[in-house]
Amino acid sequence: MWLADLSSADLAESATPPLLAIPLGATEQHGPHLPLDTDTAVAVELCRRLAAARADIVVAPPIPYGSSGEHARFPGTLSIGRDALELLIVELVRSADEFAGVVLINGHGGNLEPLHAAHRRLTAEGRDILLWSPTGPADDTHAGHGETSVMLELHPDRVAMHRAEPGNTRPLRELMPHLRSGGVKAVSDNGVLGDPTGATAAEGTRILARWTEALIAAVTDEFPHRMQR
């Protein structure tokens, strides 16, 4: 399941090349209550679930840095920017030609623009690649009810619910002009876009199940002749 646990000889002995799933995350603020690696943790878990459902998936080590400039001015945020992320993905996927295809599983919305650019470039080169990201409500896009519930399911010991507080709950489309010009700090002093105060692990279980089902369906549609468990 995990590429880092395999040897080159292990892969060479495979009867058919596997698909490579790459978890893409970020290291950025997630309000006062969630850890900086929230997006990476979610992407890794979705890759794990995909590999548990399909016998042809190998999961690469996660990429924990992304395009997170919108979260600048919050302590702990690290960003490599759009251009660097696009180039990183292009070169990484080019190096993966020994695999049957690549599934990019992205946990951070700010990565999408460079990832779509990389996807267009790689598909134009004839490479088999799927880009997939989980979705959620437009008024709950960062460190809110959904992400907090998911982290309560995955890593409850790393969620500081005593610090959870509402942020800006306006729909993302209304916030976007301000986000583009001033980042998250311009619209939310605590870095939250949503309201995490009612989050529960039970809701996180339901969200993860929905995301997992959608991811497996997307991979099946993109690679219809591959193996499922």
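Start with Glu 86, which is buried but has no salt bridge. Buried here means under 20% relative accessible area, exposed means over 50%, and partly exposed is in between, with a 1.4 Å probe and protein chains only. A salt bridge is a side-chain nitrogen of Lys or Arg within 4 Å of a carboxyl oxygen of Asp or Glu. The nearest side chain of opposite charge to Glu 86 is Arg 121, 4.2 Å away. For charge, Lys and Arg count as positive, Asp and Glu as negative, and His and the chain ends are not counted.

Glu 86 sits in helix H3. Helices are DSSP runs of H or I with at least four residues, strands are runs of E with at least two, and both are numbered from the N terminus. Leaving out residues up to four places away in sequence, Glu 86 touches Pro 114, Ala 117, Ala 118 and Arg 121, where contact means heavy atoms within 4.5 Å.

Before going on, the conventions. This is a predicted model, in which local features need pLDDT of at least 70 and side-chain atom pairs count only at pLDDT 80 or more, while totals for chains, interfaces and linings use all residues. Residues are numbered from 1 along each chain as its sequence is written, and side-chain values use heavy atoms, with hydrogens and water left out.

Now the pairs that do form. The structure holds eleven salt bridges. One of them joins Arg 54 and Asp 56, at 3.1 Å from N to O. Arg 54 is buried at 0% relative accessibility, and Asp 56 is buried at 2%.

In helix H2 (residues 38–53), Arg 48 and Glu 45 are three residues apart, about one helical turn. Their closest N and O atoms are 2.9 Å apart. Arg 48 is partly exposed at 33%, whereas Glu 45 is buried at 12%.

Back in helix H3, Glu 91 and Arg 94 are also three residues apart, and their salt bridge is 3.0 Å, N to O. Glu 91 is partly exposed at 40%, and so is Arg 94 at 26%.

Last, the patch. Which residues form a nonpolar patch on the surface? They are Tyr 65, Leu 78, Ile 80 and Leu 88, with about 320 Å² of accessible area together. Leu 88 is in helix H3, residues 81–94, and is partly exposed at 33%. Patches take residues with over 30% relative accessible area and no salt bridge, joining like charges within 9 Å and nonpolar side chains (Val, Leu, Ile, Met, Phe, Trp, Tyr) within 5 Å. Accessible areas come from the Shrake-Rupley method with a 1.4 Å probe, and for residues only the protein chains shown count as cover.
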